[in-house]
Amino acid sequence: MAIGDPGGSHSLGQIASGLAGDVQDLVKGELALARAEFDQKLHGLIIAAISIVGGALVAFAGLVVVLEGGAAVLAFWLPAWASLLIVGAVIVLVGGLISRGGLAKLSLKAATPERSIASVQKDARMIKEHT
């Protein structure tokens with residue numbers, strides 16, 4: 001279909017066929033955009049999960065090493081049980097903060113394909129305006 005053809009020599013079937021092709025191209029483009037955005041969001045969620053596991057591993061390693069060393073140092077001034085309790089609480093807090101940072105990245109809002117939704121809404125408005 002030639003744009004700006006003043007003669008209007010195209011049949012209704014040709015116009016409908018062209019419109020169907022344009023809608024099909026639009027839908028394919030929107031699906032491709034949604035998939036690309038979903039892949040990007042999924043990558044972010046995977047990174048967040050790795051952060052959570054990494055934080056847990058760091059907390060565990062810290063728990064083993066620091067509990068022993070810190071408790072041994074504190075045992076000079078405090079009873080051994082109090083030394084272990086203080087050092088353990090600090091390490092658990094650090095591990096919890098690392099895991100909390102990863103959990104914050106796992107929100108459902110982070111997985112919403114906002115650009116695709118906005119693009120589909122814009123296309124729907126344009127179709128309504130031109131019909």
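Reader: How many aromatic pairs does the count come to?

Author: This is a predicted model. Two aromatic rings form a pair if their centres lie within 6.5 Å. By this rule the count comes to 1 aromatic pair.

Reader: Is the pair of phenylalanine 76 and tryptophan 77 stacked or edge-to-face?

Author: A pair of aromatic rings is described by the distance of the centres and the angle of the planes. For phenylalanine 76 and tryptophan 77, the centres are 6.2 Å apart and the planes stand at 75°. Planes over 60 degrees apart count as edge-to-face. The pair is therefore edge-to-face.

Reader: Are phenylalanine 76 and tryptophan 77 buried or exposed?

Author: A residue counts as exposed when its relative accessible area is over 50%. Phenylalanine 76 and tryptophan 77 are both exposed.

Reader: Which element of the chain has the lowest mean pLDDT?

Author: The mean pLDDT of the chain is 80. Among its elements, helix H2 (residues 80–104) has the highest mean, 85. The lowest, 76, belongs to helix H3 (residues 114–129).

Reader: Why do the buried residues of H3 line one face of the helix?

Author: The buried residues in H3 are Ser116, Ser119 and Asp123. Seen down the axis of H3, they fall within an arc of 65°, so they line one face. An α-helix has 3.6 residues a turn, so residues three or four places apart point the same way. The reason asked for is thus the arc of 65°.

Reader: Against which helix do the buried residues of H3 pack?

Author: The face of H3 turned away from its buried side carries the exposed residues Lys128 and Glu129. The buried residues of H3 pack against helix H1 (12–74).

Note on methods: Residues are numbered from 1 along each chain as its sequence is written. This is a predicted model: local features need pLDDT of at least 70, side-chain atom pairs count only at pLDDT 80 or more; totals for chains, interfaces and linings use all residues. Side-chain values use heavy atoms; hydrogens and water are left out. pLDDT is the predictor's confidence in each residue, from 0 to 100. Helices (H or I, at least four residues) and strands (E, at least two) are DSSP runs, numbered from the N terminus. Buried means under 20% relative accessible area, exposed over 50%, partly exposed in between (1.4 Å probe, protein chains only). The arc is that of the directions from the helix axis to the C-beta atoms. Contact means heavy atoms within 4.5 Å. Rings of Phe, Tyr and Trp (its six-membered ring) pair if their centres lie within 6.5 Å; planes under 30 degrees apart count as stacked, over 60 as edge-to-face and the rest as tilted.
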